[in-house]
Amino acid sequence: MATALFPGSFDPFTAGHEAIARRVAPLFDRLVIAVGDNSDKRCMFTPDERVEIIRRTMGDLPCVEVLAYSGMTVDLCHQVGAKCIIRGIRTAADFEYEQLIASVNRQQDPSIETLLVMADADHINISSTLERERLLHQCSQPTT
């Protein structure tokens, strides 16, 4: 059974994240979307809220599982039996960062491959940071 891991903070899970998950899901028997809990990051949603949002969004795909995790991504790959890590990239800066992370993961376990997936053209300008700002602004608007 071919299993891939799609890790991220997903705070929030954007249309770009969803598009990548839907594009790669048919390539694997099982796609595990892993919501990372990074204590250094100030998140808008709790890990449990993010897991629930993603489960609702991706619930129509039976091959997709969603879970929360902390710790090293490679360790989670071992736990779920994933031999591939999925990462989305929008820009050259994303590529450079993801290339570094992939190299570190490869040093930890050379049998785990990283697949960098280019964002769709209409999702290149979507980021979790901008989406959080939009949501915060939307919440701070007075209702009439």
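Accessible areas here come from the Shrake-Rupley method with a 1.4 Å probe, and for residues only the protein chains shown count as cover.

**View 1. The whole predicted chain.** This is a predicted model, where local features need pLDDT of at least 70, side-chain atom pairs count only at pLDDT 80 or more, and totals for chains, interfaces and linings use all residues. Residues are numbered from 1 along each chain as its sequence is written, and side-chain values use heavy atoms, with hydrogens and water left out. The accessible surface of the protein chain is about 8400 Å², with 53% belonging to carbon and sulfur atoms. Along the sequence the pattern runs β-α-β-α-β-α-β-α-β-α (DSSP runs numbered from the N terminus: helices are H or I, at least four residues; strands are E, at least two).

**View 2. Helix α3 and its buried face.** In α3 (residues 73-80), T73, V74, L76, C77 and V80 are buried (under 20% relative accessible area, 1.4 Å probe, protein chains only). Down the axis of α3, the buried residues fall within an arc of 155°, so they line one face of the helix (the arc takes directions from the helix axis to the C-beta atoms). They pack against β1, β2, β3, β4 and α4, contact meaning heavy atoms within 4.5 Å. After α3 comes G81, with a positive phi near 75°.

**View 3. The largest nonpolar core.** A nonpolar core is a set of buried Ala, Val, Leu, Ile, Met, Phe, Trp, Tyr and Cys residues joined through side-chain atoms within 4.5 Å. Of the 21 residues in the largest one, F6, L31, I33, I54, V64 and I86 touch the most other members. Leaving out residues up to four places away in sequence, V64 touches A25, L31, I33 and M58.

Terms used: Buried < 20%, exposed > 50% of the residue type's maximum accessible area, 1.4 Å probe, protein only.
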